[in-house]
Amino acid sequence: MPSAPTPASAQTACKSLDDWNEPTYARHIYGNTWYVGTCGISVVLIATPAGHVLIDSAPEKASATVRQNILSLGVNLNDIKTILLTHEHHDHMGGVASMQIATGAKVLSRSNVVDVLKSGKNDSRDPQFEELGGFAPISNVYAFDDNSAIKIGHTQIQHIPMAGHAPGGSGWTWQECEKRICKNIVFADSLGSISDNLYLYSAPGSLANALKESSERLAKTPCDILITGHGTASDLLTRLDGAKPLVDTQACVNYAQAGALRLEDRLKKEMLK
Ligand SMILES: [Zn+2]
């Protein structure tokens, strides 16, 4: 099982917590869960004796950094058997194709975006369709049922449907224990109602309702440790480095409410156009 990286492998602290590609060292989150992402993008490793799970990959440009972070924990890349995603935007998953080649892991996806992942092309249903960069096509993608639990040995990673920012948006929650003190970890998807210049959240058939429901679902999820894809949305690295409390049972509620309020604002602005 993984162990904390040696100081020799630790790189300097981040210059920018918004930088998708800037390298930073791996960090322990809780139990068998580790942060292996960059300064600006979260990638999470859940270690289990039955095979490790990776959630997201960061952009393709950051692939080497993420792999280095995983190796710094003493983890063999080919012990990563499963890759899960928060959503199909290249800043979070552009490196999945190369990570899959390096690990041999299968990618599990919501059924509504399997074809998007395989194609590497932007999804025309996506609010940012006109502006997104594509990503390397991913093979070996299997659909799971929304709301199901991914079972890896004794570990259960529960899916939380979180469409709204993107059509395939997914949150994930699982429990980790240290000395019999167990915590619910929640890797929440983005709740940002941002788009290209054409998309309207107020248009019929938009992702507005889905986003609202995603916020409500997240707010109801038992949550001790919140992880967000862009760490700044939850001060993640600051918390992991001990400058703020890691555990905050209100964090998911607050994050969900902030997302719902931003959507309301956005809808009001669209009405004034
Ligand atoms: Zn996104």
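User: How do I read burial, and is Phe144 buried or exposed?

Analyst: Keep in mind that this is a predicted model. The general idea is that a residue with under 20% relative accessible area is called buried. Phe144 has 8% relative accessibility, so Phe144 counts as buried. Trp172 is at 0% and counts as buried too.

User: What about aromatic pairs: how many does a search of the whole structure find?

Analyst: Look at the distance between ring centres and the angle between ring planes; an angle over 60 degrees counts as edge-to-face. The search turns up two pairs. In one, the ring centres of Phe144 and Trp172 are 5.3 Å apart with planes at 65 degrees, so that pair is edge-to-face. Phe144 belongs to strand S7 and Trp172 to strand S10, so the pair ties together parts 28 residues apart in sequence.

User: And how are the rings of Tyr199 and Tyr201 arranged?

Analyst: Their centres sit 5.0 Å apart and their planes are at 75 degrees, so this is an edge-to-face pair. Tyr199 and Tyr201 are both buried.

User: Which residue lies over the face of Tyr25?

Analyst: That's Arg27, at 4.1 Å from the ring centre.

User: Last one: which residues coordinate the zinc ion?

Analyst: The zinc ion has His87 (NE2), His89 (ND1) and His165 (NE2), at 2.1 to 2.2 Å. Along the chain, the donors follow the spacing H-x1-H-x75-H. Back to burial: His87 is buried, with a relative accessible area of 1%, and His89, at 3%, counts as buried as well.

Terms used
Residues are numbered from 1 along each chain as its sequence is written. This is a predicted model: local features need pLDDT of at least 70, side-chain atom pairs count only at pLDDT 80 or more; totals for chains, interfaces and linings use all residues. Side-chain values use heavy atoms; hydrogens and water are left out. Rings of Phe, Tyr and Trp (its six-membered ring) pair if their centres lie within 6.5 Å; planes under 30 degrees apart count as stacked, over 60 as edge-to-face and the rest as tilted. Helices (H or I, at least four residues) and strands (E, at least two) are DSSP runs, numbered from the N terminus. Buried means under 20% relative accessible area, exposed over 50%, partly exposed in between (1.4 Å probe, protein chains only). A charge sits over a ring if NZ of Lys or CZ of Arg is within 6 Å of the ring centre and within 35 degrees of the ring normal. Donors are N, O and S atoms within 2.8 Å of the metal (3.2 Å for Na, K and Ca); water is not among the atoms, so sites may look incomplete.
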